Amino acid sequence: MGLYNAKKLVAIIGAVLLVFVTSACGSSEQSAGSGQTLKVIYSKNGTNDPVGKWLKKVEQQFEEQHANVDVNVVPVKGAEGTFTSKKALMLQSEETTPDVITEDTYLINSDAAAGYLAPIEDRVKKWDGWDHFIKKVKQGVTASDGKIYGVPYSTDTRGLWYDVNLFEKAGLPVPWHPKNWQDVLNAAQKIKQSFPDVIPFWMNSGKATGEATTMQTFEMLLYGTNNTLYDEESGKWIVKSPGFLDSLKFIDTIYEKGLGPKLSQVLTGQAGTVEHHLMRKEKIAIALDGNWVPAFWRENGPNPWPEAMETYHFAAMPTQHGQGEGHTSMSGGWALSIPAKSDQKDLAWEFIKLATNKENMMFADISMGNLPARKDVEEAPEYEKALGRAYKKAAQFLKFTHYRPTFEGYTSVSSAIQAAVEAVATDSLEPKAAMNQYAKDVKRAVGADNVVTK
């Protein structure tokens with residue numbers, strides 16, 4: 001596409017979005033008379049709409065407290081990528097910008113750097129509600145410039161789902177508390193010896209599962225070593241390190257010893273569905289995955305299984321040698337943010353405070369199945385009773401979790417990680433060769449001046 005046509009397309013999309021936003025807000029602006037209208041947009045990518053129900057509940061409360069304000073909560077329908085693209089176009093103009101947006105926290109850095117978001121650290125410092133948010137979760141809304149660009153309303157953690165029936169029959173301890181990677185490998189080996197038709201250890205392993213391979217598998221290993229993906233001090237991507245190599249060696253061991261799934265099962269975009277069905281049949285002993293897995297078996301889920309939580313328990317992923325805090329996890333999440341071009345930032349901040357108070361966060365977390373961003377919700381009996389002990393357990397992993405380094409170039413880095421993991425899983429490259437290829441790919445993507453070796 002030529003430059004002229006590209007600009008023309010952007011202009012057309014912008015005009016369409018302007019019509020979308022103004023038409024969505026028009027009726028309320030008319031009814032508001034001389035009052036104000038607060039525009040809130042969020043991502044809606046399914047028939048069930050818990051985010052919309054939460055924001056509509058807050059809308060009603062806010063309008064009761066602010067007689068001259070109309071709140072317009074507008075869903076942007078489609079996949080997350082669709083929402084991200086439309087939102088970015090809206091945020092470029094005072095004419096189309098909303099006043100409050102839902103923001104995937106991995107975009108905080110890039111959107112802040114692009115000038116789309118307003119920093120709110122001065123506001124949160126004066127707000128006593130901020131003290132109730134979990135310290136680790138606050139990291140997810142803090143950009144590399146040290147400023148805060150949103151109030152988190154959800155998060156997640158990752159760990160090891162293990163089948164207690166298989167473990168007990170194999171003579172493995174229940175509850176299971178692996179202390180290091182070798183404990184995990186030993187348990188998987190014991191399962192293989194006891195149950196030849198069971199997959200001892202499942203993990204996403206290919207490019208087809210995209211970020212799930214990066215975050216649920218590789219980063220869960222890497223952040224349990226003494227190395228990370230990004231050097232905060234130099235501001236450079238770490239392309240070679242002992243921890244990176246050891247993480248690939250762990251993956252290599254799983255497949256070399258026949259402890260993993262068949263490649264036909266895991267190197268597909270449907271791997272998650274395959275995994276959940278096999279767990280339902282108790283054909284997976286250990287799965288490295290996230291807190292959301294039980295949603296598949298909920299009463300209204302795609303494959304209801306009332307006894308699921310009696311069969312699969314959730315254990316913390318150990319660090320490589322049990323060093324540091326002993327355990328590791330990775331987290332993401334969503335936040336409410338204020339666009340930089342909004343001319344109603346004070347009103348937007350009042351809406352965000354109301355939406356994220358304890359009462360409304362309790363409603364949101366229970367209806368969405370979130371891990372709570374607020375400690376007082378995490379500790380509330382209503383939350384534990386509503387969501388079950390697996391969620392309570394998963395929330396405890398927030399104490400030692402990590403957040404991805406979502407600086408410029410992360411998308412390319414993540415793709416290179418997926419290629420390295422798949423190369424090792426398929427045995428097309430040895431771990432060291434896969435790391436060398438990763439280093440070349442990342443160097444080419446982000447520039448030689450932006451990488452470092454540890």
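Five strands make up an open sheet here, in the order E2-E1-E3-E13-E4, with mixed pairing. Two strands pair if DSSP finds at least two bridges between them, and strands (E, at least two residues) and helices (H or I, at least four) are DSSP runs numbered from the N terminus. This is a predicted model, in which local features need pLDDT of at least 70, side-chain atom pairs count only at pLDDT 80 or more, and totals for chains, interfaces and linings use all residues. Residues are numbered from 1 along each chain as its sequence is written, and side-chain values use heavy atoms, leaving out hydrogens and water.

- The edge strands are E2 (69-77) and E4 (151-155), each of which pairs on one side only.
- On average, neighbouring strands of this sheet are turned by 25° against each other, direction ignored.
- Strand E1 (residues 36-44) and strand E3 (residues 100-104) pair in the parallel sense over two bridges.
- Ile41 stands opposite Ile101 in E3.

**Helix H10**
- H10 covers residues 242-256, which is 15 residues.
- From first C-alpha to last, H10 reaches 20 Å, close to the 21 Å expected at 1.5 Å a residue; the expected span is 1.5 Å times one less than the number of residues.
- Among the buried residues of H10 are Phe244, Leu248, Ile251 and Tyr255; buried means under 20% relative accessible area, exposed over 50%, and partly exposed in between (1.4 Å probe, protein chains only).
- The cover over these buried residues includes helix H8 (181-194), strand E6 (199-202) and helix H20 (431-446).
- After H10 comes Gly258, with a positive phi near 70°.

**Backbone features to look up**
- Most residues other than glycine have a negative phi, and most peptide bonds are trans.
- The peptide bond from Val174 to Pro175 is cis, with omega near 0°, and Pro175 is found in the loop between helix H7 (164-169) and H8.
- Glu282 has a positive phi near 55°; this residue is in the loop between helix H12 (271-280) and strand E9 (284-290).
- Glu282 counts as partly exposed because its relative accessible area is 25%.
- Asp427 has a positive phi near 70° and is placed in the loop between H19 and H20.

**Confidence**
- The protein averages a pLDDT of 89, and 90% of the residues score at least 70; pLDDT is the predictor's confidence in each residue, from 0 to 100.
- Over residues 1-16, pLDDT stays under 50.
- Residues 18-34 also have pLDDT under 50.

Key
Contact = heavy atoms within 4.5 Å. Axes fitted to C-alpha atoms, helices over the stretch in contact; angles between N-to-C directions.
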